[in-house]
Structure formats: C-alpha cells, structure tokens
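Open the model in your viewer and keep the residue selection tool at hand. The tour goes from stop to stop.

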Amino acid sequence: METAPLSPGLTSATPTLGVVIVTFNSADVILDCLESLLGATGVRLAITVVDNASLDDTVATLKAWASGDTAYTWPEDVAFAHAPVAKPLTLHGAEAACLAETGHRVTLLETGVNGGFAAGVNHGLAHLAACAEVDRFWILNPDSVVPPGTAAAFATAPAGPAGFSLMGGRVIYLDGQSDRIQIDGGLIDRRFGITRNCHQHQTHAETPPPDPAALDFITGASMVASRAFYERAGPLPEEYFLYFEEVDWALKRGDLPLAYCAEGIVYHRAGTAIGSVKPGQPASPFSLYFMHRNRLRFVRRHFPGSVAGAVVYSLMKAAQFAAKGYGAGARAVLAGTFNRRPPEAIRHRLAQGPTRHAFE
C-alpha cells in the first residue's frame, strides 16, 4: 500500500490545533485514531496522548507503531480511505509542547496513575497550554477515527464576535453502517439530571446541523475548547472520575457561547473501554455505576431542587433492569445512586492498577 507523508502541504502559516487523547487499555483502538489524525490536511496538529496507567500493552503498542517495528493495517469498516503514515516517527515526551515550524507532532505522556478521564485530559491541556500558538484544544476519544478534513475544520471554524467556549461537531457510530448519529451535542433534563444526545440514531445524510444555542453541552468524545474558555473556567472537574465532567464544565462558560462545526465529523466505536451503551449493546455495570452516581453528584451541585426526581428516575431504571433479568445492572444503578460501595467486579477492575478519585 502507498504510504502517505506525515504532513502533506503544510507550511508555517498553516493553522494549528492541539489534540488531547486519554488512553486506558486502548491498545486495540489508539493506532486507528492516530493514523487518521496524522492524515489530517490543512492543519498542524500538536497531538498529546495521555496514558492513564494502562494495564494492557497500550504504551508498548504505541512505541512499536511509531518505530515502524509493527505493520499497520487500516480497518475495513471505516468509510473513508487512508494511506498509512510513514515510519519511523518521533514520540515526544513532556519536554516538547510546541509544534515544529511545519508538520504534526505526537507526544506521549504517561501519568503513572489512573485519575479518571478529566484528570488525564487536564494533564494534556496543561501540557499544550504552554504552547502559545495553540489557541484551540480538541479533546478526542481514542476509539475514534476522523476524516482528513475534520481537524482543519475545527481549527478554522469561525468563532463569532463573542468567541466560543466549547465547540462540537457530529459524532457518528462506527458500527458497520457509519450513517447513524451518536450525538450532535447534549441536552440536560433539569428535572432528573438526565442528559440526552441531540439527533441520536438519526441518519447523518438526512439530518441538518443543530442550533448550538439550543445545546447545553458538548460531548467529551469530541470537544474543542477555546483558550479563552480554558483560562476562564479552569480545568475539568476531576471528582467525577468519568461521566458528567464535560456537562459540569460546560456550565462554567458564562457568556461564552457553545459553537458547532458542521464539518467536524468523527466516527466513534463507542463503548470499547468502559462498556457505554451503543446500538445492540446495553450499558455495562461499570458504566451504569458511574453514570448514576455522577448524575446525582451533578444534580446536587447544580440543581439541588431536583434531587428527589433524580433518585426516582434511578429507582425506575433499576426496576426496569431487574425486570429484564439484568440484576448486575440494577445493583450497579442502586449503588451509584446512593453513593454506596460499588459491586466487587467494579472495584476489582480499578484495583488492578494505581487509581485515584474513582470511589471518593
């Protein structure tokens, strides 16, 4: 197969974009994500991979890929073509934040501890913020692949006269169909603390972009933060460990509006790391525990008058799972809702490596 150059057609005048990718046991998906990013055109990328103490061979896989010691094959289920990036390429360390005059840069930061999604993102954001030329920070899930024009679209999308806080695009399920929307932005039902995905399960080809003014937050799977917002709001809240941190963050935007980039398309495998719900797959107990625990934490912080409604909703969900014979899911929902000790299987999963914040 023909090999693509690392940074085709880039010059010192090319716009820049910082990218933060947090990995935890992501060896099976991270290379597809990086290969697609390094095929980006019309933009210079400062890609920072933050590994949250993976227990698998994520780090070894990255190093072997970058050195060219292992062959790479583009997945057949991705809707667009890609020529593998030339190897070897340098995996920079913490000393390298800023971009070279031309070309993309890939940095690997190993935290040594799994502090959760937000802690990993914050580690990457702090690293990239040291580079003054990076004015936008794209937070991207490792189980994603992106078309060549997506990064440039995010880097150059008009900010509007007031600027923007967080910018989203269209996230599409990568499930063999590649035409079903996962999320176009998020909505909050303040009565119960429930979040909903705008345009979920609608077809990409037939669904117009949303009005960003009608959205409440941008999904953490693909979310661009402006430097102005980052400096105003500060880092993501780390006490959630996973889920709801980006929802909480978005409520700190003040008068900086949300934005939407119609060309900012991302294909997402969804649920590869923690078993989030996706078509044909119910949410795992691990996912359910943190989702319901953090929904109650979020409601208590921002909508305390809705705590009773949030609890009732959880009880109904637990009853539904129990009626369907999904006892593990029901127990996880109840433990999370009442902030109780999680089931042993969930504790064991995080006890295998250095972890903080998970059950505080």
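Which residue's side chain meets that of Asp248 in a salt bridge? Select Arg301: its side chain and that of Asp248 form the bridge, at 2.9 Å from N to O. Arg301 lies in helix H7 and Asp248 in helix H6 (residues 245-250), so the bridge ties together parts 53 residues apart in sequence. Asp248 is buried, with a relative accessible area of 0%, whereas Arg301 is partly exposed at 42%. Keep in mind that this is a predicted model.

The crossing of H7 and H9 is right-handed.

Move on to Phe338, in the loop between helix H9 (327-337) and helix H10 (344-351). Phe338 counts as partly exposed, at 38% relative accessibility. Select Leu315 and Leu334 as well: with Phe338 they form a nonpolar surface patch of about 240 Å² of accessible area together.

Now return to salt bridges, of which the structure holds twelve. Select Glu35 and Lys87, whose side chains meet at 2.7 Å, N to O. Glu35 is in helix H1 (residues 30-38), while Lys87 is in the loop between helix H2 (58-67) and strand S3 (91-92). Glu35 counts as buried at 0% relative accessibility; Lys87 is partly exposed at 28%.

The last stop is Glu133 and Arg44, joined by a salt bridge of 2.8 Å, N to O. Glu133 sits in the loop between helix H3 (117-129) and strand S5 (136-140), and Arg44 in strand S2 (residues 44-51).

Technical notes
Residues are numbered from 1 along each chain as its sequence is written. This is a predicted model: local features need pLDDT of at least 70, side-chain atom pairs count only at pLDDT 80 or more; totals for chains, interfaces and linings use all residues. Side-chain values use heavy atoms; hydrogens and water are left out. Patches are made of residues with over 30% relative accessible area and no salt bridge: like charges are joined within 9 Å, nonpolar side chains (Val, Leu, Ile, Met, Phe, Trp, Tyr) within 5 Å. Accessible areas come from the Shrake-Rupley method with a 1.4 Å probe; for residues, only the protein chains shown count as cover. A salt bridge is a side-chain nitrogen of Lys or Arg within 4 Å of a carboxyl oxygen of Asp or Glu. Helices (H or I, at least four residues) and strands (E, at least two) are DSSP runs, numbered from the N terminus. Buried means under 20% relative accessible area, exposed over 50%, partly exposed in between (1.4 Å probe, protein chains only). A crossing is left-handed if the near helix is turned anticlockwise from the far one by less than a right angle, and right-handed if clockwise.
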